[in-house]
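Subject: Structure for your review

Dear colleague,

Please find below the structure that I am handing over to you.

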Number of protein chains: 2
Amino acid sequence: MNQLKTFLLLLAVLTSTKTRVVKALRDPLDRPNFVLFFVDDLGYGDLGFTGHPTTSTPNIDKLAWNGKTLTTWYSGCSVCSCSRAALMTGRQYPRTGIREVLGVVDTLGLPLEEVTIAEQLKKVNYTTGIVGKWHLGQRLAYLPSNQGFDYYLGIPYSDDMGNGKETSCSGDRKSEDPQTEEQDKMKGKPRPPRDNDYAAWYLPLVYQEHNRTRIVEQPLDLTKLAQKYNHFATKFIEDNKDDPFFLYFPFSHVHTTSGNNNKWNSMPNKQYASCSFQNRTKRGAFGDALAEVDWMIGNVYETLQCLGLEENTIILFTSDNGPWTPQHYDGGSYGIFSGEYAGYPWTGKASTWEGGIRMPAFAHWKGQIEPFSRTSQTISSMDVFPTFSHLAGVPLPDGIVLDGRDMADILLQENGQSKHDFLFFYGFCNGYWPRTGVAAVRHGPYKAHFCTSPGLGAYERTPTKYDKYPLLFNVEEDPSETFPICDGNTLPENDPDARAAIERILRAYAMEKATFEYGKIPPLPPGPGEGKGHYGVCCNRSTNCSCESLWDDNFQSRLFNVGSAEHHARYHEHLGEENHMKDTV
Amino acid sequence: MNQLKTFLLLLAVLTSTKTRVVKALRDPLDRPNFVLFFVDDLGYGDLGFTGHPTTSTPNIDKLAWNGKTLTTWYSGCSVCSCSRAALMTGRQYPRTGIREVLGVVDTLGLPLEEVTIAEQLKKVNYTTGIVGKWHLGQRLAYLPSNQGFDYYLGIPYSDDMGNGKETSCSGDRKSEDPQTEEQDKMKGKPRPPRDNDYAAWYLPLVYQEHNRTRIVEQPLDLTKLAQKYNHFATKFIEDNKDDPFFLYFPFSHVHTTSGNNNKWNSMPNKQYASCSFQNRTKRGAFGDALAEVDWMIGNVYETLQCLGLEENTIILFTSDNGPWTPQHYDGGSYGIFSGEYAGYPWTGKASTWEGGIRMPAFAHWKGQIEPFSRTSQTISSMDVFPTFSHLAGVPLPDGIVLDGRDMADILLQENGQSKHDFLFFYGFCNGYWPRTGVAAVRHGPYKAHFCTSPGLGAYERTPTKYDKYPLLFNVEEDPSETFPICDGNTLPENDPDARAAIERILRAYAMEKATFEYGKIPPLPPGPGEGKGHYGVCCNRSTNCSCESLWDDNFQSRLFNVGSAEHHARYHEHLGEENHMKDTV
């Protein structure tokens, strides 16, 4: 009997992956934690686990391998804001009214009436945090605090929408404070502020804690951004380890920066990374930036491991849209999704060729998701909303059209099936700005294009192409879209399956067009301090939106420390006040 | 004390991967076994571990993950025969005299003077076996038995170089013996035999045991080929488990078959697989064929595991050349190596764009090679010869130029460095047939093209392009060859590194051209039964090379069973005898 006890004890010790026996805090299926990694402008082919030869992403690869690789994940849109609108709401982005990339001094944002994933999860008492790029409206009313997130640290839009600064990594450190001579130089430049708003000059780093908002830095230091993100993300997990949380991590990496327009940025490339990641990979500046993402993801996972949260946490990883290919070495790679038939190499971001919408993705959940597994079932970013809702036990909201489908079966079962019979891709076939319509559809193994055009930055080279019939590919057998089954001019005579599919597709397309309701964003009146020239995020208008950093050890240690009694007390704390709200946090 | 013993026993049981405790038979570093998987026309992007979305290669992926992924592996040539000449000899293929793809009734083969890997390993008493496609000469004198291999089962050339037959997988089985009506139909066809040799009609399956040779089937049954390969490979390992062996497995899959010319083949595609693999993958016929390769590899590995040979066996996996892209769905995929700048999608097989020469690859050696590791150090197929020689402890042959470099450091150490300062790629820029010369070179992160042209089957569309300067890419940052650093017309003014690299490349190119010695194949006089119209592999000329299969349980069980006293007794057993040498095995 004594030996049996010894045996059982040893068995427990030896079969656990750690020497320390870590027990799940809750039943793993009871409101699991959600960690959603969402990289910016990352292509399918950019990771180690998807075959890039010189990328260095060991942490991401390990998580992918130890989970289920999702090889057929479509973004909700091929550009930033609308992709995020679809992700956050589970709805086709034109329903939300977000039909374009939001600008830096825009008056629009994701309508407050839309229910976000964060708002869903708040219904069952999740703590919700977001770190990184929001890009669903930079006005205070549209920032994450008002969309269901308890905590936020990040840039409200893309990191090419203003200048960041950079700390030199060599011995001779450049001034970390640009207020003095360098800023004076800027003032002398003829470049006008956008819409007469100097907020467009410098990238802000914003922190929110419930409805208290603070501009931490402006311009933010790109070489130190990852450290701050990392601190926020790991501390958020530590501080919330005992209760269900949702950590949404939309990296501002690996979007390009404004490059030469960036007066503070001495980097030769339009990518950035901390000093310890610069010149670290064979892939150059893009590889360095991606390696930094990998480092942050590794730290998040290590934190989950140390706290024994692996079995209570489902991790999803994907990207917002395809790579921005005209950005030379600074853009990512769509890998196998080259869209050969296009005849142009610009089939990434803002195109509805596979390269623009087909994302690298995996799901990881120790104990629930089979390690080293793969599926090619069709998944959309819009599926995250209903899936998280299901797993958290929150009923779906009444009275709204959800386009996403619950993918829990696909993740948790060996042969889970996609619920997308027809997955429509809204896009920009007539050139970019807001001409949104159905550009393509996925139906079984088929992908049909109703129109094709190159991605952002390459529109002018090639006009949009509309054909008589849908341009049809079998993307399961031909993922590079090289050999059309229907070239758009003649129906495939000898392929009855394809002909029948085209008929079904045309019927579904007609139905979609007849029933789809485009959303309108209700105008939001100016808040305190807002108005023309004052919609942008600005720490201090008297200094043309340039201020010292508030990020110090004290600030850092106080994140998430505001007592709960104070929470939700102040609704519309305004960004534009000259004191950048030092009193609020 | 009793408890301690229990503990130690349990520890041993629980920490071994199998319940049975398996011990390495020899010191793992003492003449390890070599298993070399070499798939035909497989592209970089075709596997799960390199990112193909609908491929099903779980066994290959698992081996890759548990070993070191080699992301920068170049084939020795972009087409079959010369790629194999380079692999077998460690030399640039034009040195060997093999300058083209060998035909089915060719008089040429790899010169017997060349030292093959198998001949090297025989020097230290390895048992050597080859299963699959040889393609270095189909004449008896050139077959594997005469090139260092003890045992051989396979097709002497590509599986589109004659017709195979196929057994129907539906309930109503077609005749497995095509001699009767179907063959009569063939006789009525106007298609002439090649060089008046009917051997070109039907694919033969050849078996060799030392110098005893037998044609097992003609035409061979493509639906049963994998079962035979599998039997050979696993039995070879079992029979030779106690001593060092070299198993070279050059799959005849996933090369296309002759398709419509194949009168026995009722498959709609130019790919084949056993009944249990047909229609099994989402990727179609190519995916099914590849899944069958994966099955064979899984069986080989399982055999190694069961025999406790994992720690004594180094496994390499790669392909002979890039995918044959004009073959529609039946061709493979180069994945990220799309050669965008070419402007044509035919940058695979027979081109020296990355897609034609950049191979999927990994090395696996339990206990010696770090699992879940990756390297992008430049490796060539030519490196296999010196590497295996080193690991087996065989000195390199005197008096020959070896172009391959020992890659053991890269495999076994974390930061092993490539020894290829300049790796030249010989190719076919003036159209395919034997106009071989240096087409490109890899130097550090750079790849320089001296000329470019599309791959096999697409030459006529696009002429070869020669530029004033080398067309230069940084393939570490730009693996898709999209953004040239030097476009061939103007030297890069603002990139001193690239300019210096071009100068070094031009110097090395001049040196290579001045010193390179093209080999000539010494003519081999006709052997017994050979002569015009009689060089092909033919089981019986009186039946136009169509014979019953000899493969039955008895044949199968007798593989490798000829007593060693008989071995090497008869040197030139001839293939063409009408009895197909039933007496020899």
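A residue is called buried here when its relative accessible area is under 20%. With that cut-off, helix H3 of chain B is mostly covered, 10 of its 10 residues being buried. Please bear in mind throughout that this is a predicted model.

**Helix H3 of chain B and its surroundings**

The buried residues of H3(B) include B:Cys80, B:Cys82, B:Arg84, B:Leu87 and B:Met88. They pack against strand S1 (33–39), H4, H5, S8 and helix H10 (384–392), which belong to chain B. Just after the helix, B:Gly90 adopts a positive phi of about 75°.

B:Arg91 is found in the loop between helix H3 (80–89) and H4 of chain B. Its salt-bridge partner is B:Glu114, with the closest N and O atoms 2.9 Å apart. B:Glu114 lies in the loop between helix H4 (93–96) and helix H5 (117–122) of chain B, and the pair links distant parts of the chain, 23 residues apart. Both B:Glu114 and B:Arg91 are buried.

Helix H4 of chain B contains B:Tyr93, which has a relative accessible area of 0% and is therefore buried. Among the residues that B:Tyr93 touches, beyond those up to four places away in sequence, are B:Cys82, B:Ala85, B:Ala86, B:Tyr426, B:Gly427 and B:Phe428. The side chain of B:Tyr93 also reaches the backbone nitrogen of B:Gly427, at 3.4 Å.

**The interface between chain A and chain B**

On the contact between the two chains, 49 residues of chain A meet 49 residues of chain B. The area buried between them is about 4,400 Å², and carbon and sulfur atoms give 58% of this area. The rule finds 16 residue pairs in polar contact across the interface, both residues being at pLDDT 80 or more. On the side of chain A that touches chain B, the elements giving two or more residues are helix H1 (2–15), H2 and H8 of chain A. H1(A) provides the largest share, with 7 residues. By residue class, this side of chain A divides into 19 nonpolar, 21 polar and 9 charged residues.

Helix H2 (residues 58–65) of chain A has A:Ile60, A:Asp61, A:Leu63, A:Ala64 and A:Trp65 as buried residues. The buried residues of H2(A) pack against elements of both chains: in chain A, strand S2 (68–70), helix H8 (284–306), strand S9 (313–319) and strand S11 (362–364), and in chain B, helix H2 (58–65) and strand S12 (373–375).

**Salt bridges**

How many salt bridges are counted between chain A and chain B? The count is 2. One joins the side chains of B:Lys282 and A:Glu476, at 3.4 Å from N to O. B:Glu476 likewise forms a salt bridge with A:Lys282, the closest N and O atoms being 3.4 Å apart. B:Glu476 lies in the loop between strand S17 (465–474) and helix H12 (496–515) of chain B, and A:Lys282 in the loop between strand S8 (245–250) and H8 of chain A, so this pair joins two chains. B:Glu476 counts as buried because its relative accessibility is 10%, whereas A:Lys282, with a relative accessible area of 30%, is partly exposed.

Over all chains, the rule gives 46 salt bridges. A:Asp40, A:Arg84, A:Lys133 and A:Asp320 are linked in a salt-bridge network. In chain B, the side chains of B:Lys241 and B:Asp242 meet in a salt bridge at 3.9 Å, N to O. B:Lys241 is partly exposed, its relative accessible area being 31%. B:Asn240 is in the loop between helix H7 (225–239) and strand S8 (245–250) of chain B, and counts as buried at 13% relative accessibility. Apart from neighbours within four places in sequence, B:Asn240 is in contact with B:Thr127 and B:Phe245.

**The nonpolar core**

The largest nonpolar core has 306 residues, and A:Phe232, A:Phe246, B:Phe232 and B:Phe246 touch the most other members. Beyond residues up to four places away in sequence, A:Phe232 touches residues including A:Ile130, A:Val131, A:Tyr151, A:Leu247, A:Leu559 and A:Phe560.

With kind regards

Key. Residues are numbered from 1 along each chain as its sequence is written. Chains are lettered from A and ligands numbered from 1 in the order in which they are written. This is a predicted model: local features need pLDDT of at least 70, side-chain atom pairs count only at pLDDT 80 or more; totals for chains, interfaces and linings use all residues. Side-chain values use heavy atoms; hydrogens and water are left out. Buried means under 20% relative accessible area, exposed over 50%, partly exposed in between (1.4 Å probe, protein chains only). Helices (H or I, at least four residues) and strands (E, at least two) are DSSP runs, numbered from the N terminus. Contact means heavy atoms within 4.5 Å. Buried area is the accessible area (1.4 Å probe) that two parts lose on being put together, summed over both. A salt bridge is a side-chain nitrogen of Lys or Arg within 4 Å of a carboxyl oxygen of Asp or Glu. A polar contact is a pair of N or O atoms within 3.5 Å; within protein, one must be able to donate a hydrogen and the other to accept it, and residues adjacent in sequence count only if both atoms are side-chain atoms. Ala, Val, Leu, Ile, Met, Phe, Trp, Tyr, Cys and Pro count as nonpolar, Asp, Glu, Lys and Arg as charged, and the others, Gly among them, as polar. A nonpolar core is a set of buried Ala, Val, Leu, Ile, Met, Phe, Trp, Tyr and Cys residues joined through side-chain atoms within 4.5 Å.
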